[in-house]
Amino acid sequence: MESTSLAQVGRSARIQGRVIFALLMREVLTRYGRHNIGFLWLFVEPMLFTTGVTILWTLAKAVHGSSLPIVAFALTGYSSVLLWRNMPARCIGAIEPNLALMYHRNVRVLDIFFARLLLEAGGATISFVVLSLFYIYIGWLEPPADVLTVVEGWVLLAWFGASLAMLLGSLAERSDVVERLWHPAAYILFPLSGAAFMVDALPAGAQKLALYIPMVNAVELVRAGYFGEHIRTHYDLPYLVCFCVGLSVLALSQAATITRGITPE
Amino acid sequence: MIEARNVCKVYPTRAGNRLVLDDINFTLGRGEKLGILGRNGAGKSTLIRLVSGAEATTSGTITRSMSVSWPLAFGGAFQNSLTGLDNVRFISRIYKQDYHQNIDFVASFTELGLYLREPLRSYSQGMRARLAFAISMIIEFDCYLIDEITAVGDAKFHEKCAEELFHKRRDRAMLIISHDVNYIRDHCTRFAVLDEGRLTFYPDFEGALDVHSHNLHLRGA
């Protein structure tokens with residue numbers, strides 16, 4: 001009995017993997033087409049963003065309250081913003097244009113989300129890694145002190161972004177208000193997300209408040225891995241993980257609800 | 001077999017909930033061909049969507065113990081910015097089919113030639129219909145759902161469709177809805193009329209047609 005149900009799960013996983021891959025390839029072609037550099041835009045675009053911000057911050061000699069080189073600060077900060085902010089932007093309104101796909105029974109709402117999330121997270125990650133390597137190569141940046149901690153922070157941030165994206169993507173299907181509110185919310189959250197400050201530089205009272213923002217914890221973790229002993233970082237790992245678990249459960253339940261109510265054109 | 005039991009579908013509208021399908025019951029066995037007549041807005045397409053599994057019922061159950069196609073000749077799952085070949089590739093991936101073999105079939109069926117490499121937005125209605133139908137024929141199903149297949153395309157296209165569906169796949173089950181009553185008469189073995197959300201079966205085509213014509217003129221005038 002147990003082996004048959006395991007086999008069933010394996011079969012379902014294979015189908016879902018296939019569907020997500022097909023959706024991903026379709027999405028890449030739809031978004032980037034076959035003109036000029038094609039799907040390379042997936043990470044060239046975030047790279048341009050990050051580089052631009054790095055240059056701006058360097059010129060403006062941004063005050064960030066630590067002895068870190070501004071390049072390292074901007075790279076870790078802005079890449080993180082791209083990671084958590086772009087995923088919701090891509091999932092809001094993801095279902096409507098793909099409604100007709102629901103005629104293929106193996107395609108579910110979650111698959112559409114997953115395909116877009118993989119693409120978005122992939123683009124942000126490739127951009128982060130390539131820029132890191134490039135800056136390290138030209139000597140603007142020291143190699144990370146502890147790569148695994150960087151990965152840990154990055155993955156947690158991606159998890160947060162992905163569950164937020166699925167939640168907002170599902171809610172947006174019910175009400176346009178979500179889309180209207182997300183733009184200002186994302187804009188206001190940007191300076192609060194830890195991209196442009198170190199928690200250690202804040203006054204003690206503000207530090208406590210800042211750590212209630214999930215992104216701040218993850219960005220601090222990324223920086224802890226990157227800069228190791230050079231800086232003092234503050235983060236609350238159990239809080240971040242609990243927040244992500246809660247958000248994921250909420251997101252999946254909302255996605256299940258809209259799946260039931262969906263009407264293909 | 002497909003079995004629909006006490007199927008109801010309610011859509012919320014500005015004027016309150018509207019009962020589109022009211023306690024629908026039927027079974028469709030292997031090889032059976034069921035034709036459904038009904039006026040515009042009677043709920044025929046809704047029924048097809050429920051049977052295809054694309055949409056959930058409000059109450060009642062639909063069980064499928066054979067593989068069921070998506071509504072045939074339906075072109076909506078296409079992305080306008082993608083080429084015909086891209087769309088074939090997408091469907092092949094979803095259903096785990098050999099893409100190269102499918103391309104050959106689609107190319108010979110649609111006779112679209114170089115257009116297969118052009119984005120869909122440059123296609124005419126007829127070209128789209130040809131592509132949509134060819135893609136539907138890539139995957140083999142036990143039961144085909146056919147929704148107004150004769151609405152577009154020329155006579156030759158209709159002949160080719162009939163050849164693929166009613167000759168090569170004559171052993172399959174089919175659920176056909178159409179405004180073309182002759183199409184239903186020629187290809188179906190069982191007949192039903194959908195009206196006011198209720199599905200009524202008739203022993204022969206003439207019986208169904210009488211009621212259908214009556215409904216048309218009663219409320220159509």
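Colleague: What makes the six strands of chain B an open sheet with edges?

Modeller: In this predicted model, the order is S5-S6-S7-S3-S8-S9 in chain B, and the pairing is mixed. Strand S5 (68–72) and strand S9 (198–202) of chain B each have a single partner strand, so one side of each has no neighbour in the sheet. Those two strands are therefore the edges. From one strand to the next, the twist averages 20 degrees.

Colleague: How do you know that strand S3 and strand S8 of chain B pair?

Modeller: A pair needs at least two bridges between the strands. Strand S3 (residues 33–38) and strand S8 (residues 190–195) of chain B have five bridges, in the parallel sense. For Gly35(B), the bridge partner in S8(B) is Phe191(B). Strands of a sheet pair through backbone hydrogen bonds, and the sense can be parallel or antiparallel.

Colleague: Why is H5(A) called roughly parallel to H9(A)?

Modeller: Helix H5 (residues 147–174) and helix H9 (residues 237–261) of chain A pack at an angle of about 30 degrees, and their axes are 8 Å apart. Angles under 35 degrees count as roughly parallel, so H5(A) is roughly parallel to H9(A). The crossing of H5(A) past H9(A) is left-handed.

Colleague: Which residues make the contact, and how many of them are nonpolar, polar or charged?

Modeller: From H5(A) they include Leu156(A), Trp159(A), Phe160(A) and Arg174(A). From H9(A) they include Leu240(A), Cys244(A), Gln254(A) and Ile258(A). By class, the contact of H5(A) with H9(A) has 14 nonpolar, four polar and two charged residues.

Colleague: How many residues does each chain bring to the contact between chain A and chain B?

Modeller: Chain A brings 21 residues and chain B brings 19 residues. On the side of chain A that touches chain B, helix H1 (residues 2–32) of chain A gives the largest share, seven residues. By class, that side of chain A has eleven nonpolar, five polar and five charged residues.

Colleague: What scores does the predictor give the complex, and what is the average pLDDT of chain B?

Modeller: The complex has an ipTM of 0.83 and a pTM of 0.88. Chain B averages a pLDDT of 88, and 95% of the residues score at least 70.

Colleague: Which elements of chain B have the lowest and the highest mean pLDDT?

Modeller: The lowest mean, 84, belongs to helix H7 (residues 205–220) of chain B. The highest, 94, belongs to strand S4 (residues 59–64) of chain B.

How values were computed: Residues are numbered from 1 along each chain as its sequence is written. Chains are lettered from A and ligands numbered from 1 in the order in which they are written. This is a predicted model: local features need pLDDT of at least 70, side-chain atom pairs count only at pLDDT 80 or more; totals for chains, interfaces and linings use all residues. Two residues are in contact if their C-beta atoms, placed from the backbone, lie within 7 Å. Helices (H or I, at least four residues) and strands (E, at least two) are DSSP runs, numbered from the N terminus. Ala, Val, Leu, Ile, Met, Phe, Trp, Tyr, Cys and Pro count as nonpolar, Asp, Glu, Lys and Arg as charged, and the others, Gly among them, as polar. pLDDT is the predictor's confidence in each residue, from 0 to 100. Axes are lines fitted to C-alpha atoms, for helices over the stretch in contact, and angles run from 0 to 180 degrees between N-to-C directions. Angles under 35 degrees count as roughly parallel, over 145 as roughly antiparallel, 65 to 115 as roughly perpendicular and the rest as oblique. A crossing is left-handed if the near helix is turned anticlockwise from the far one by less than a right angle, and right-handed if clockwise.
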